[in-house]
Amino acid sequence: MVKRPGRNFLKGRIDWLLLVATVLLLGAGMVTMISFSDSTVTGSSGSYFFERQLLWFIVSLAVFFAFSFVDWRFLRRSGVLVTLFFLSCFSLLLLIVIGSTFRGAQSWFSLGGVSLQPADFIKLVLILLLAKYFSRRHIEIAHLRHIIVSGIYTLIPFLLVLIQPDFGSAIVFFLIWLGLVIFAGISKKHLFAVFAAGVIASIFLWTSVFAPYQKQRILTFIHPLSDIRGTGYSSFQSTIAVGSGQIFGKGVGYGTQSRLKFLPEYETDFIFAAFAEEWGFIGVLLFFSLFGIVIWRILKIAMLGETNFETLFGIGLSIFFMSHFVINVGMNLGLLPVTGLTLPFVSYGGSHLLAEFAGLGILMGMRAYSRSYHRDDMRNEFLGPV
């Protein structure tokens, strides 16, 4: 049974539960930002981060609704996606020449007072490209060449962001590819070969690519208390902030770790720790629940995709958000190395917020021509001819 398209804007196109959950997550981040945006502490205007994030939210929301009106079936054409992919790679090459360096990574285009990080948008392009590739080759995934070809598509942007160096985005590129390959039905033999290649690549990265400070971050991860005044300082202060929140938190505006600037990057990389300090364990549970709703709604929409392409795009989008979420929260809890990845919808910054809402907007556009749920139809979709 096919559901055609959602001409009723309120009922058939926008998933309002998903949108409300994302706005509440964004609101949690903005409340945390304004709670420590004290001019006597930050040296800037009282609500500097809050006001700029509010502007980015308005722009991102406009993109979300604009994209939800687009019929994205034109993306099924290979020529469109290949063109987007090469333009994306070209933008990464351009960064080597005219990119701006921030926190040691040459990964930003600066135009006046606005800076954009292309890697955030290229993650969407990679998801679309891989969704297109596997949608036509799902039943042939047992052939090793499809793993190699899709791996090459991923390896190109992976290497281009690695040399910036943006290790966090490189990890997300790899996880998007790995997640889609596993969902597409990779064999255990090939999966083992992928992990063996990963081990070999890790050895190569350690011996030939990683800068000394990156190696030190990983060593600090293994022995977090070995250098709490140096590379382990951020993780150490973050765990203190999270733990000091206890059950009910210190209250909004009373997070001493962020307000007194013991916690570094409290508006971006470590905003989860700043939130947990003020809202406590109860607030963190609510926060996790909201993010769980976001992932649940994305996967639900993905399962109703008109074709494999829409389904795989939704799954790839959920992997994108989950990768950022798990790595960011993990490094805030001192469980993973500090990689500089943002927390979806929560961290300060326009690039990642714009890319995230653009991704959701594309998903809403695909939802407008989605199917009614029918398990048998779904099974036949993947087992039948393509």
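Guide: A crossing counts as left-handed if the near helix is turned anticlockwise from the far one by less than a right angle, and as right-handed if it is turned clockwise. One note before using it: this is a predicted model.

Visitor: Fine. Which hand does the crossing of α14 and α15 have?
Guide: The crossing of α14 and α15 is left-handed. Their axes come within 11 Å and cross at roughly 155 degrees. Angles over 145 degrees count as roughly antiparallel, and α14 and α15 are therefore roughly antiparallel to each other.

Visitor: Which residues make that contact?
Guide: From α14 they are Phe309, Glu310, Phe313, Gly314, Leu317 and Phe321. From α15 they are Glu356, Gly359, Leu360, Ile362, Leu363 and Met366. By class, that contact of α14 with α15 has 8 nonpolar, 2 polar and 2 charged residues.

Visitor: And α4 against α15, what angle there?
Guide: About 20 degrees, with the axes of α4 (residues 48-68) and α15 (residues 350-367) 7 Å apart. The two helices are therefore roughly parallel to each other. α4 passes α15 in a right-handed crossing.

Visitor: Which residues of α4 and α15 are in contact?
Guide: The α4 side includes Trp56, Phe57, Phe64 and Phe67. On α15, Leu353, Leu354, Phe357 and Met364 are among them. Leu360 and Ile362 of α15 also take part in the contact with α4, and both are listed in the contact with α14 too.

Visitor: How many charged residues in the contact of α4 with α15?
Guide: There are no charged residues in it; the contact divides into 14 nonpolar and 6 polar.

Visitor: Step back a bit. How many helices and strands does the chain have?
Guide: The protein chain has 16 helices and 3 strands. Of its 386 residues, 49% count as buried. Among contacts with a separation of 6 or more, 72% come from residues 24 or more positions apart.

Visitor: In what order do the strands sit in the sheet?
Guide: The order is β1-β2-β3, in an open sheet with antiparallel pairing. β1 (100-102) and β3 (114-116) are at the edges with a single partner strand each, so one side of each has no neighbour in the sheet. Neighbouring strands are turned by 50 degrees against each other on average, direction ignored.

Visitor: How many bridges join β2 to β3?
Guide: β2 (residues 105-111) is joined to β3 by 3 bridges. In one of the pairs, Phe109 has Leu116 of β3 as its bridge partner.

Visitor: Is Gln246 buried or exposed?
Guide: Exposed, because its relative accessible area is 60% and the cut-off for exposed is over 50%. Gln246 sits in the loop between α11 (233-244) and α12 (256-259).

Visitor: Phe345, then: buried or exposed?
Guide: Phe345 is buried, with a relative accessible area of 0%. The residue is in the loop between α14 (308-332) and α15.

Visitor: Where is Val294, and what does Val294 touch?
Guide: Val294 is in helix α13 (residues 271-303). Leaving out residues up to four places away in sequence, Val294 touches Phe345 as well as Leu18, Ala21, Thr22 and Leu25. Val294 counts as buried, at 0% relative accessibility.

Visitor: Last one. Ser88 is a serine in a helix; is Ser88 buried or exposed?
Guide: Ser88 counts as buried, at 7% relative accessibility. Ser88 lies in α5 (residues 78-98). With residues up to four places away left out, Ser88 touches Ile122 and Val125.

Methods: Residues numbered from 1 in each chain as written. Predicted model: local features only at pLDDT ≥ 70, side-chain atom pairs only at ≥ 80, totals over all residues. Heavy atoms only, no water. Axes fitted to C-alpha atoms, helices over the stretch in contact; angles between N-to-C directions. Helix = DSSP H or I, 4+ residues; strand = E, 2+ residues; numbered from the N terminus. Parallel < 35°, antiparallel > 145°, perpendicular 65-115°, else oblique. Contact = heavy atoms within 4.5 Å. Nonpolar A, V, L, I, M, F, W, Y, C, P; charged D, E, K, R; others polar. Pairing = 2+ DSSP bridges. Buried < 20%, exposed > 50% of the residue type's maximum accessible area, 1.4 Å probe, protein only.
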